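Please open the structure in your viewer and follow the stops below in order.

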Amino acid sequence: MAGGRGRSRRVSLPGVAELLRPAAPGPDDGDQRRASGREKHTQKITVYLSAEELLDLERARLALLRYGAAADRGRIVREAIAVLLADLDARGQDSLLARRITAANKAADAAASEETATDNAESVG
């Protein structure tokens with residue numbers, strides 16, 4: 001075999017995400033959670049979004065692209081989860097996630113109570 005034929009001369013090049021990510025980690029904000037990056041993921045969940053939520057996610061992706069931080073929607077979601085869980089670990093019930101879910105649950109409970117009261121009033125009258 002002349003000239004090394006038979007061996008692949010193809011070079012594996014890094015993807016866009018590897019080329020555009022910072023060479024060094026950013027400032028340490030103390031969180032210990034890191035989102036998984038560009039790798040094969042073996043676990044999957046299905047998340048249903050409203051049209052508005054999906055549009056917001058796409059707007060975030062485009063905003064990040066303008067800032068020089070290319071990411072697909074899955075990466076954005078994994079990063080957001082890592083940030084929220086780190087905040088939950090650090091701040092507990094004072095975390096943004098706990099406060100938002102608690103407020104949403106209280107609002108849902110209040111709406112259910114109001115609906116029950118309305119149903120009871122209609123059945124009496």
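Is V47 buried or exposed? V47 counts as exposed, because its relative accessibility is 53%; the classes are buried under 20% relative accessible area, exposed over 50% and partly exposed in between (1.4 Å probe, protein chains only). This is a predicted model, in which local features need pLDDT of at least 70, side-chain atom pairs count only at pLDDT 80 or more, and totals for chains, interfaces and linings use all residues. Residues are numbered from 1 along each chain as its sequence is written, and side-chain values use heavy atoms, with hydrogens and water left out.

Select the loop between α1 (16–20) and α2 (51–66), where V47 lies. Helices are DSSP runs (H or I, at least four residues), numbered from the N terminus.

Next, select D56 and R59, both in helix α2 and three residues apart, about one turn of the helix. Their side chains form a salt bridge at 3.4 Å, N to O; the term denotes a side-chain nitrogen of Lys or Arg within 4 Å of a carboxyl oxygen of Asp or Glu. The whole structure holds four salt bridges.

Move to R75 and E79, whose closest N and O atoms are 3.1 Å apart in a salt bridge. R75 is partly exposed at 27% relative accessible area, and E79 is partly exposed at 30%.

Finally, select D87 in helix α3 (residues 73–91). D87 counts as buried because its relative accessibility is 18%, while its salt-bridge partner R91, at 3.5 Å between the closest N and O atoms, counts as partly exposed at 43%. Leaving aside residues up to four places away in sequence, D87 touches G92, S95, L96 and L97, contact meaning heavy atoms within 4.5 Å.

Note on methods: Helix = DSSP H or I, 4+ residues; strand = E, 2+ residues; numbered from the N terminus.
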